[in-house]
Structure formats: C-alpha cells, structure tokens
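Hi everyone, thanks for coming. I'd like to walk you through a structure that may be new to you, so please have a look at it with me.

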Amino acid sequence: MRSSREPGWASKAAIYATLIAVTLAFAAPLIWMVSTSFKPVEQTMVDPPTLLPEPVTKIPSYAIDNYVGRIDENGEVIQRGVLRDPVIDFPLYLRNTLIVVGLSLTGMVLSSAVVAYGFSRVKWRGRNVLFFFVLATMMIPFPVLMGPLFILYREFGWIGSFKPLWVPAWFGSAFSIFLLRQFYMTIPREIDEAATIDGCSHWGIFWRMVVPLSRPALAVVALFHFVATWNDFLAPLIFLRDRDQFTLALGLQLYQSQAGNVPWNLLMAASTLVMLPILIVFLLAQRTFIEGIATSGLKE
Amino acid sequence: MRGRLPNWFVGLSFVSPWVVGFALFMALPIALSLYYSLSRYSLLDEPLFIGLTNYRELLGDAVFWKSLINTVVYAVIAIPLGTALALLVAWLLSARVRGQSVFRALVFLPSLVPLVAAAMIWSWLFNGELGLINNVIDGVLRPINAALGTDWRGPNWLGDADWVMPALVFMSIWSIGNTVVIYLAALQDVPVALYEAAEIDGVSPAGRFWHVTMPMISPVILFNVVTGIIGTWQVFAVPYIMLGPTGGPNRAGYFYTMYLYDKAFPFGEMGYASAMAWVQMVIILALTAVTMLLSRRFVYYRAG
C-alpha cells in the first residue's frame with residue numbers, strides 16, 4: 001500500500017517491470033489483432049508467427065487489401081476486403097448499427113434523465129418504494145425475459161425490424177436512472193427554491209437547471225449505453241430476421257460461420273474496425289469513463 | 001403549473017416513462033413467462049396448460065444439468081480468480097509512477113472490446129496450431145522437452161473438452177479492466193491516516209492489507225461479486241461464437257443461457273424455455289440473498 005517513505009530505486013524498477021509486463025499482457029491480444037489485420041492470408045499461417053508482415057514496407061498495400069479489397073478495371077471485386085466484400089456487407093451493417101445506437105441512445109438519455117428527476121428532486125409518497133423496484137430490476141438478466149419479449153414483439157409486429165432494439169430504451173434504463181439520481185441528489189436544493197420563486201415549474205427547473213448541471217453524469221450514462229448497444233449480440237440475434245438488417249456484432253460473426261477456412265486476416269481487420277469507434281470514444285472521454293465506472297461501483 | 005399541481009402528481013409524471021416501460025417490457029413478460037412455464041407452447045399453436053410437467057422434465061434433462069453445471073463451474077472459478085487478480089492489478093496500478101494513466105488505460109481498454117470481436121480475437125489466439133498462446137507455450141516447453149526427452153505441447157484449447165473451460169476463464173481475466181477501475185477508486189478512498197496509524201503501531205504491510213484495506217473496501221468487493229454472479233448467468237456471446245451453438249466438444253462450453261436460447265428459438269419450445277428462465281431467476285435471487293446474508297459477517301460498513 002502507500003508508504004510514507006519513498007521507495008528505493010530497486011523496488012521502483014521492480015514496480016515498473018511488473019507494470020509493463022502486466023499491461024503488455026492486457027494489450028497483447030489487441031496488438032495481435034491489428035498485426036494480423038495487416039497481413040496477407042498466407043502469412044497468418046506461418047509458424048512461428050511474426051509480429052509484422054513481411055516485408056514490412058508492404059504494410060500499406062497489405063492493409064489496403066484486407067480493409068478495402070481489390071477491384072479490376074471493370075469494378076469487379078478480385079480480392080475481398082472488409083469494406084468491399086460481395087459476401088458480407090460491412091458498410092450496411094455499420095449503417096444499421098448507427099441507426100439502432102443513435103435511436104436507442106437518444107431515447108435512453110432523455111427518458112432516464114426525466115425519470116431520475118422524479119426520483120430525486122420531487123418529494124412524494126411512495127417514491128422510495130418505487131425506486132427500490134428500479135434497483136431490483138437491475139438483478140433480472142435479459143435472458144430471463146427474452147422468450148416472452150419475443151412473443152410480445154411478435155404481437156406488435158416488430159420482429160424483423162429495429163424496433164425491439166431501440167424502443168424499450170425510450171422508457172429509461174434502470175442503471176442510468178440510478179446513476180443520474182445519485183448525481184441529482186448532490187445538486188443543492190437552493191437552486192430549486194430560487195427557481196420556484198422566479199416562477200419556474202418543475203419542468204423548467206429540470207430542463208434549464210438540472211440538465212445543464214448534470215452534463216458530466218449524462219455523458220457517463222451515454223457512454224455506457226453506447227458501448228453496451230454497440231456490443232450487443234443476443235438481442236439482435238433474436239429479434240432481427242434478414243441479413244440486410246444485421247448489426248455489426250451479428251455481421252462480424254458471419255466471417256466465422258462460413259464454411260471452410262476462416263479468413264483470419266479479414267476477421268481481424270473487421271474486428272479492428274468494430275473496435276475503432278469504441279477506441280475513439282474511449283480516447284476522447286477516458287476521464288469520464290474511468291470516473292463514471294469508479295462511481296458506479298462505489299455509491300450504493 | 002406554478003406549484004399548483006400536487007407533488008405526487010408531478011413526481012409520478014416524471015417517473016411515468018419508467019413505470020410504463022417496466023409494466024410493458026418487464027412485468028408483463030415475467031407474468032407471461034410464468035404462465036408459459038406451466039404450458040406446452042410451441043410458438044405456432046396457443047399455449048396449452050400442463051401444470052408442472054416442464055419443471056419435472058427439467059430435472060431429468062441431462063443437457064439442462066450439463067449447462068447448469070458448466071455455468072456454476074465457470075462462476076466458481078472465474079469470479080474468485082477475477083476478484084483476486086483485479087485487486088492485485090488495482091493495487092499495482094495505484095503505485096505512484098510516471099505514465100500511470102497509460103498503464104491504467106491499457107488495462108481498462110480490453111473490457112470495452114465488443115464481445116464478438118473479443119471472441120474472434122481469442123479464438124485466433126487459442127488456435128491449436130497457429131495461435132499465439134500455444135506458440136508461447138511451445139517456446140517455453142521446447143528446452144524442457146529437450147532436457148527431459150518428453151513431448152509436451154500446448155493443449156488444443158477450444159478443440160479439447162478438458163481445456164475449453166480453462167480457456168474461457170483465462171479469457172474472462174482479460175476483461176477485468178472495469179472491476180480494476182472500481183477497486184482502484186476504492187483503494188484511493190481508504191483514508192491514509194488509517195495506514196499511518198497502523199504503521200506506527202508496527203503492523204506489517206500484509207497485516208495492513210488484511211486489517212485496514214480489506215475491511216474498508218469489502219462493500220465494493222461485495223458489489224462486484226454480486227454483479228459477477230448475475231453476469232455469469234448471461235454468458236452467451238463468447239462461447240456461442242468461439243465454440244459454436246453447441247458449445248464445443250462434448251458441450252464443454254455450453255452455458256445455461258445457450259440452452260435457454262436453443263429451447264426458446266431454434267427448437268421453439270417456449271414453455272420449456274420459460275421454465276428454465278424461472279429456475280434461473282430463482283437461482284439468481286437465492287444466490288444474491290445468500291451473498292448478502294454472508295456479507296453481514298464479512299463486510300464492514302463505515303458509519304454515515
């Protein structure tokens with residue numbers, strides 16, 4: 001643990017060595033993914049494997065082959081690449097995913113913020129009892145509900161559309177409501193009183209005071225929800241029908257379920273692309289992410 | 001408005017989206033599934049009430065037991081191991097060193113990797129002949145084999161029923177990043193004064209860990225263990241993709257949710273699947289309750 005004395009250089013070196021070894025172990029699979037995505041397919045099968053494709057100078061052209069593919073002068077695809085592939089339509093899956101994530105994220109953030117306000121800034125009887133139910137629903141995993149939900153959505157005529165993947169989000173998510181409520185509780189009461197004197201309704205207080213003040217918390221729940229929806233596999237698997245509607249998570253799986261040899265280089269290129277938006281979001285919002293996760297675990 | 005409307009009306013209006021959503025997408029499905037679990041329901045015909053038959057059939061269903069045991073074994077190994085390693089890594093990352101945020105980011109990042117992509121990466125890493133993991137293992141074993149005259153090799157991970165579960169646990173360790181972040185925050189939350197007091201009293205570093213750190217962070221550990229238990233019952237995408245819908249050789253990686261999914265959708269036996277869902281729900285509630293009760297003995301809550 002923390003020691004009041006400064007550690008000597010020997011123990012400092014040991015700490016650095018361990019830290020580097022551990023982080024390398026965590027990073028290695030991702031490094032391996034990117035490195036494989038740059039290789040021509042023959043080189044994925046050499047033993048022992050090489051970290052970089054040979055010759056190294058050809059990385060740009062190898063990478064283009066795996067990511068963009070090659071076409072002849074008539075525009076026919078002569079080599080499959082992730083973004084130009086007659087078999088697996090990655091750009092279409094990307095578009096589908098963006099639609100689902102966009103709709104789901106907007107609705108989830110708006111409604112969770114409204115609901116969290118009702119659970120924190122308005123005093124009414126039964127509020128805490130109902131909030132207990134919100135917390136309890138977090139214990140019920142999706143697999144328990146998926147069967148009857150399928151039947152329900154079939155009644156609605158939603159199966160084979162994106163609706164099952166985003167409409168429920170417009171009714172708020174328990175986890176986000178919980179996190180936002182915790183944040184709203186920390187906003188001083190005086191703000192409401194001042195606003196009420198100025199003739200502001202609850203809706204006005206919510207919209208003009210609480211929402212702007214809670215931007216960091218809204219960012220946290222938005223980030224979590226973005227990652228969760230982007231990554232979701234089971235719900236799209238159940239509720240979507242046609243290949244044309246697949247999200248990236250489902251589409252990615254098609255590379256593997258094809259008969260014959262798995263094109264590891266294409267698969268890793270596709271995985272890299274699926275990973276990329278998450279990586280970008282993470283790099284832009286690293287602080288928000290880490291602080292948000294720490295809070296979600298600490299405040300009970 | 002202007003304070004005209006009673007508070008209960010305003011409050012309920014604000015929370016009404018959740019109330020409607022809960023009724024429609026949670027309470028209704030749960031009620032329906034209770035009825036389905038007592039019915040024969042093939043998705044094509046109307047449900048036919050058959051009493052407890054589905055539950056009775058479950059008891060004699062070898063595949064059900066296999067998937068249940070797999071899930072429990074996975075939980076019993078992965079949760080304690082993950083907790084211990086996450087604590088260890090968090091402790092390591094709490095060292096005040098240069099580049100601290102880079103180390104933290106790299107440990108955290110894998111927990112964000114989409115499960116499908118993670119499953120792809122790891123089936124490539126676990127590949128028996130070309131995989132990176134076996135290349136490393138074989139590299140280590142080569143001099144040993146040469147010295148002892150043996151022919152030890154890395155296992156055929158996903159192709160060998162005995163090694164499927166270790167492979168899945170191994171992989172789960174990779175994504176402990178967000179637990180690490182939670183523990184890291186918890187460790188930093190422990191008042192420094194407590195350590196100083198213990199040090200002055202001559203408590204050894206190990207003693208400080210067991211008698212200061214552990215009690216102070218025990219509520220956080222409890223939270224993560226409960227989340228872990230609930231999470232295990234949702235394991236689906238990774239084994240489904242890495243091992244195929246049947247969970248690999250001898251169904252060694254066939255999890256509870258995979259069987260539930262198979263019964264509900266490919267087989268269309270919604271009644272049977274609903275019975276499984278109810279068994280799952282009861283198990284989760286029971287495990288959570290037991291964990292909470294046990295925790296009274298081990299978890300220390302700070303006043304206030």
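Predicted model: local features only at pLDDT ≥ 70, side-chain atom pairs only at ≥ 80, totals over all residues.

Let's begin where chain A meets chain B. The contact draws on 80 residues from chain A and 85 residues from chain B. On the chain A side, the top contributor is helix α1, residues 9-37, which gives 13 residues. And what classes of residue does that side of chain A have? There are 55 nonpolar residues, 19 polar ones and six charged ones.

Now, stay in chain A and find helix α2, residues 59-68. Which of its residues are buried? They are Y62(A), D65(A) and N66(A). These three sit on the same side of α2(A), because they cover an arc of only 90° around the axis. Look at the other side of α2(A), and you'll find P60(A) and S61(A) exposed. As for the partners, the buried residues of α2(A) pack against α1, β1, β2 and α13 of chain A.

Over to chain B for our last stop. Here helix α1, residues 7-37, packs with helix α13, residues 270-298, at an angle of about 120°, and their axes are 7 Å apart. The crossing of these two helices is left-handed. From α1(B), the residues involved are S33(B), L34(B), Y36(B) and S37(B). They meet several residues in α13(B), including M270(B), G271(B) and W278(B). By class, the residues of this contact are six nonpolar and four polar, with no charged ones.

How values were computed
Residues numbered from 1 in each chain as written. Chains lettered and ligands numbered in written order. Contact = placed C-beta atoms within 7 Å. Helix = DSSP H or I, 4+ residues; strand = E, 2+ residues; numbered from the N terminus. Nonpolar A, V, L, I, M, F, W, Y, C, P; charged D, E, K, R; others polar. Buried ≥ 20, exposed ≤ 12 C-beta atoms within 10 Å, placed from the backbone. Arc of directions from axis to C-beta. Axes fitted to C-alpha atoms, helices over the stretch in contact; angles between N-to-C directions. Left-handed = near helix turned anticlockwise from the far one by under 90°.
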